[in-house]
Amino acid sequence: MERISLIGQLTQYLFTGITVGSIYALVAVGFNIIYNVTEIINFAQGEFVMLGGLIMVFFTAVAKLPLPVAFILTIAAVTGVGALMERFTINPLKNATVLTMIIVTIAVSILFKGIAMFVWGKDPYIIPPFSGSEPIFILGAAIQTQTIWVLLITAVVVVLLTLFFKKTRYGKAMLACADDPEAARLVGIRVNIMVLISFALSAAIGAVAGAIITPISLMEYDRGALLALKGFGAAVMGGLGSFYGAVVAGIFLGIIESLCAGFVSSGYKDAVALLLLLLVLYIRPSGLFGNVEASKIKEF
Amino acid sequence: MEKSNSKILFALIIFLALFPVVVLNVRAIGHYLDVMIFVGIYSLINLGLSLLMGYAGQISLGHAAFFGLGAYSSGILCTKLSLSPWLAMVAGVCLTALVAYIVGVPSLKLKGHYLAMATLGFGVIVYIFFNEEVALTGGPSGFSDIPGLTIFGLDLNNDLYYYILVWSLVLLTLVFSLNVINSRIGRALRSLHDSEVAANAMGVETSRFKVIIFVLSGAYASIAGSLYTHYVGFLSPSSFDLFLSIKLVMMVVVGGMHNIWGALLGTWLLTFLGNEWLHVFRDFDILVYGAVLLAIVMFLPEGLVGLTPKMRWLWKRS
């Protein structure tokens, strides 16, 4: 067998890392959107990704819809799930303690996991890549075309979100809620609706992440928890609440994990990501890229 | 001990004494003794978790790891080093308490969601360790032939004897925990549950007490792990996964987080539901668990023990 050059290996791991990292970044962004508006960490965030992947499988493989239609329907379906979650579990529990909110979102995540297992069973599912399965060769590394799709779509999501928060009324209103919910209410922003939108938006982003990663890494019912943990790791590393911090940290985490899997041990790659999460929490809870001052000012 | 507590304790002892008598004489439910042993093992963990959550107000989503550390310590020391099971159990407690201390000191400085995620992350790391250290733990397939327990030459490898052993330990731990609650530590804990800032201002060293309770609850879980190992005789990482950590928290919440009796009630109910009465659902127990937990947190935040004052009120009215 031909030996792959070190450069080739490195390129390969880097691309894998950036791809997986993009997904962590999207999960982290989802955490941040909800956290900024409500100060809730939604433990079911990873479940949105799982649902996105599995619903995409349903629309493409079972319903045999064309790809763009399936993609949009998947996002719509999971967005609906996110909105329902907010209406039925978060909204009725006003003034609940942090401990209660944690347990509620965990309960919802178990429920989603259970429903997914009920519907799809325990086996992982795969869908064909969005375009052609022939890999592209860069510096001796074989890059799947789906990788390009993941990077492209992640970039589009980031740009669209930036525009949403900077240019639209709703985006600005959400920023106001993040800054000071009481003041936002005083100037006539319906905080209640903003919380709903934050859950719907997070769910939509999770759905995108699930739909684009399934052709590469498959999807099964119990993937959510680990995705949520790593996404949270990225969110904390980037400074909880910070939008670009989350993206950078997510990709960084993906690369570290991929390098560890490639050069050290693939079994411990998840442990390395989590160890990093613990270290950041212990040493710099304000995040690697933020300072304490900045972490107090919530910004998307 | 408070008067109401000694009454409930007395009732519990009567129930525990009568349980095997009834169960062993009714063929259809003869195996309930086995389920009750598991209830005892999980109760041991949840007594600690209840102290941590209900009294100190700190969440842990990583207690399956402490349970696992105790279980693997016992399993490995007994089979690979042929150590006496009781010594292995003590060694397990020491190791787990040390790990709990090392993890607890930095973790308990974190609050709310951060603490939840940190303990969750810790639990998953330990789970990965059990899976990957094949030479030590046997990896994903685990290892078997772990000897049973004996005491003064008496073989405890019998459901009735094991039931007595496990529940004696639970009762001892329970009495100890009740005393902790009513001690200086307990009062300090309750003060920090209500308002940590106020407690600090009054001169309560909140961080020290939090760590003490965290380590104590880790030690309880470790003993439970050892008891589990010697009862089942077989270990694999899947018994100590993330879902167990969540289930343990669930038992405490369903029974009633702010009440140590609630932890016992929740453990009893959910273990019987999971091991026995929900068998019709087989793999779909996750779905039922999620729904039950959600319903309890949303509609009965006090847990099942929160129902008792209401029932008493209804009783008096009728």
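Biologist: Among contacts in chain B between residues at least 6 apart in sequence, what share joins residues at least 24 apart?

Modeller: The share is 76%. This is a predicted model. A contact here means C-beta atoms within 7 Å.

Biologist: How do you know what confidence the predictor has in chain B?

Modeller: The scale runs from 0 to 100. Chain B has a mean pLDDT of 87. Of its residues, 97% reach 70 or more. For the complex, the predictor gives an ipTM of 0.84 and a pTM of 0.88.

Biologist: What makes a residue buried, and what percentage of chain B is buried?

Modeller: The cut-off is 20 or more other C-beta atoms within 10 Å of its own. In chain B, 47% of the 318 residues are buried.

Biologist: Which secondary structure elements does chain B hold, and how many?

Modeller: Chain B has 14 helices and two strands.

Biologist: What makes up the side of chain B that touches chain A?

Modeller: In total, 33 residues of chain B contact 34 residues of chain A. Helices H5 (112–132), H11 (242–255) and H13 (285–299) of chain B each give two or more residues to that side. H5(B) gives the most, with 14 residues.

Biologist: How do the residues on that side of chain B divide into nonpolar, polar and charged?

Modeller: There are 25 nonpolar, six polar and two charged residues.

Definitions and conventions: Residues numbered from 1 in each chain as written. Chains lettered and ligands numbered in written order. Predicted model: local features only at pLDDT ≥ 70, side-chain atom pairs only at ≥ 80, totals over all residues. Contact = placed C-beta atoms within 7 Å. Helix = DSSP H or I, 4+ residues; strand = E, 2+ residues; numbered from the N terminus. Nonpolar A, V, L, I, M, F, W, Y, C, P; charged D, E, K, R; others polar. Buried ≥ 20, exposed ≤ 12 C-beta atoms within 10 Å, placed from the backbone.
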